[in-house]
Amino acid sequence: MMSDSGSGVEPSPVQNITAQYAKIQRQYQQILDRWTPYMLHRWLASAGLLSLFLLRIVLAQGWYIDAHAIYLLNLLLAFLQPKFDPSLQDDLMADEIEEGGDPVTSPLPSQRDDEFRPFVRRLPEWQFWLSSTRATLVALFCTFSEVFDVPVYWPILVVYFFTLFALTMRRQIQHMIKYKYIPFDIGRKTRYGGAK
């Protein structure tokens, strides 16, 4: 059998596997590219997947010990934080002043006269959705194996998660208030150049 290059040499099994892997990767990326504009549908599908996971846990009465919820909390915090943290900028500015150099300006506006700088997330919405959906899928598949069913008193995990959630969100909200930023687009969207 001849290959596409016409050299008369058959491709090795490793080349065949690599080619198939690249083909599957391209198809996977095409599917993700098609889903990109449908934000509401993506999140509804993820919520459905998460509901299926929770239903599986309740019906199976097991798999309570799971880092899934803590990982999702970590993703949420990264989604809510700015890419350029003003508290780190303040620390750098203070260090620069202590060393006798010129102060570095903050990436967020500090006065009304400052130029508008849009809120840039540490974790973009697309990556947040993709990571949380992948984590939910992995967690769901882990519930089908007895290896991951570690006996644990589940109310302690629930209390731990809500305590961790309350403490980290309180700190995040205080940070947002201190540096005067809102990580969401709230309000009316203005269209420039359109009919009024």
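1. Let's start with burial: in this predicted model, 24% of the chain's 196 residues are buried. The chain exposes about 15,200 Å² of accessible area, and carbon and sulfur atoms supply 63% of that figure.

2. On secondary structure, the chain holds 6 helices and 0 strands. Read from the N terminus, the order of elements is α-α-α-α-α-α.

3. Helix H6 is worth a look in your viewer. H6 covers residues 154-179, which is 26 residues, and spans 38 Å from its first C-alpha to its last, close to the 38 Å expected at 1.5 Å a residue.

4. Which residues of H6 are buried? They include Thr168, Met169, Gln172, His175, Met176 and Tyr179. For background, residues three or four places apart on an α-helix point the same way, because there are 3.6 residues a turn.

5. Now to the surface, where Leu52, Leu55, Val58 and Leu59 make a nonpolar patch with about 410 Å² of accessible area together. One of these, Leu55, belongs to helix H2, which runs over residues 39-60.

6. Why does Leu55 count as partly exposed? Its relative accessible area is 45%, and partly exposed covers the range between the buried limit of under 20% and the exposed limit of over 50%.

Note on methods
Residues are numbered from 1 along each chain as its sequence is written. This is a predicted model: local features need pLDDT of at least 70, side-chain atom pairs count only at pLDDT 80 or more; totals for chains, interfaces and linings use all residues. Side-chain values use heavy atoms; hydrogens and water are left out. Patches are made of residues with over 30% relative accessible area and no salt bridge: like charges are joined within 9 Å, nonpolar side chains (Val, Leu, Ile, Met, Phe, Trp, Tyr) within 5 Å. Accessible areas come from the Shrake-Rupley method with a 1.4 Å probe; for residues, only the protein chains shown count as cover. A salt bridge is a side-chain nitrogen of Lys or Arg within 4 Å of a carboxyl oxygen of Asp or Glu. Helices (H or I, at least four residues) and strands (E, at least two) are DSSP runs, numbered from the N terminus. Buried means under 20% relative accessible area, exposed over 50%, partly exposed in between (1.4 Å probe, protein chains only). The expected span of a helix is 1.5 Å times one less than its number of residues.
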